[in-house]
Amino acid sequence: MKYSTPTGGTTEVRARVFGKSTVLCTCGFHRTVSNREADHLANSHAGSCRRGVPASSRRPGPGSIGNQRR
């Protein structure tokens, strides 16, 4: 499922195995949570994301503590 952010980006839930889903945003936010929490997190992040779409040369940082960048 995809959600639109106020700045024109998108937040998406991608299903993973063993009851976990990954929430990804075009701003670089990413976090792995249980399937039942994923839609709520994606929706709440999309509603509050003010970072927009980063330059294509910027990539999200490692780990699952969103909004890190190198």
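In the predicted model, 40% of the contacts between residues at least 6 apart in sequence join residues at least 24 apart. The protein has one helix and four strands, and from the N terminus on these elements run β-β-β-β-α. Of its 70 residues, 36% count as buried. The protein exposes about 4600 Å², of which carbon and sulfur atoms supply 50%.

The mean pLDDT of the protein is 82, and 76% of the residues reach 70 or more. Among the elements, strand β1 (residues 2–4) has the lowest mean pLDDT, 91, whereas β3 has the highest, 95. Over residues 64–70, pLDDT stays under 50. For residues 64–70 the model has 24 contacts beyond four places in sequence.

The largest nonpolar core comprises 12 residues, namely Y3, V13, V23, C25, C27, F29, V33, A38, L41, A42, A46 and C49. Strand β3 (20–25) and helix α1 (35–48) each supply at least two residues of this core. The largest share, four residues, comes from α1. In soluble globular proteins, nonpolar side chains tend to be buried together. One of the core residues, A38, touches V13, S21, V23 and V33 when residues up to four places away in sequence are not counted.

Helix α1 was examined for its length and for the placement of its buried residues. At 1.5 Å a residue, the 14 residues of α1 should span 20 Å, and the end C-alpha atoms of α1 are 21 Å apart, which agrees. The buried residues of α1 are A38, L41, A42, H45 and A46. These residues cover an arc of only 125 degrees around the axis, and therefore lie on the same side of α1. An α-helix has 3.6 residues a turn, so residues three or four places apart point the same way. The cover over the buried residues of α1 includes β1, β2 (10–15), β3 and β4 (30–34). On the face of α1 turned away from its buried side are the exposed residues R36 and H40.

N35 also lies in helix α1. N35 counts as partly exposed because its relative accessibility is 37%, a value between the limits of 20% and 50%. Leaving aside neighbours within four places in sequence, N35 is in contact with G19, K20 and S21. The C-alpha atoms of N35 and V23 are 9.9 Å apart in space, and the two residues are 12 apart in sequence.

G19 is partly exposed, with a relative accessible area of 36%. Apart from neighbours within four places in sequence, G19 is in contact with V33, S34 and N35. The C-alpha atoms of G19 and V33 are separated by 8.6 Å, and these residues are 14 apart along the chain. The loop between β2 and β3 also holds F18. With a relative accessibility of 81%, F18 counts as exposed. Phi of F18 is near 60 degrees, a positive value in a residue other than glycine.

In the loop between β1 and β2, two residues were considered, T5 and G8. T5 is buried, with a relative accessible area of 8%, whereas G8 counts as exposed at 60% relative accessibility. These assignments follow because buried means under 20% and exposed over 50% relative accessible area. Not counting residues up to four places away in sequence, T5 touches T10, T11, C25, A46 and C49. T5 and R50 are 45 residues apart in sequence, with a C-alpha to C-alpha separation of 7.7 Å. For G8 and C49, 41 residues apart in sequence, the C-alpha to C-alpha separation is 9.7 Å.

Notes
Residues numbered from 1 in each chain as written. Predicted model: local features only at pLDDT ≥ 70, side-chain atom pairs only at ≥ 80, totals over all residues. Heavy atoms only, no water. Core = buried A, V, L, I, M, F, W, Y, C linked by side-chain atoms within 4.5 Å. Buried < 20%, exposed > 50% of the residue type's maximum accessible area, 1.4 Å probe, protein only. Contact = heavy atoms within 4.5 Å. Areas by Shrake-Rupley, 256 points an atom, 1.4 Å probe, with all protein chains shown as cover. pLDDT = per-residue confidence, 0-100. Expected span 1.5 Å × (residues − 1). Arc of directions from axis to C-beta.
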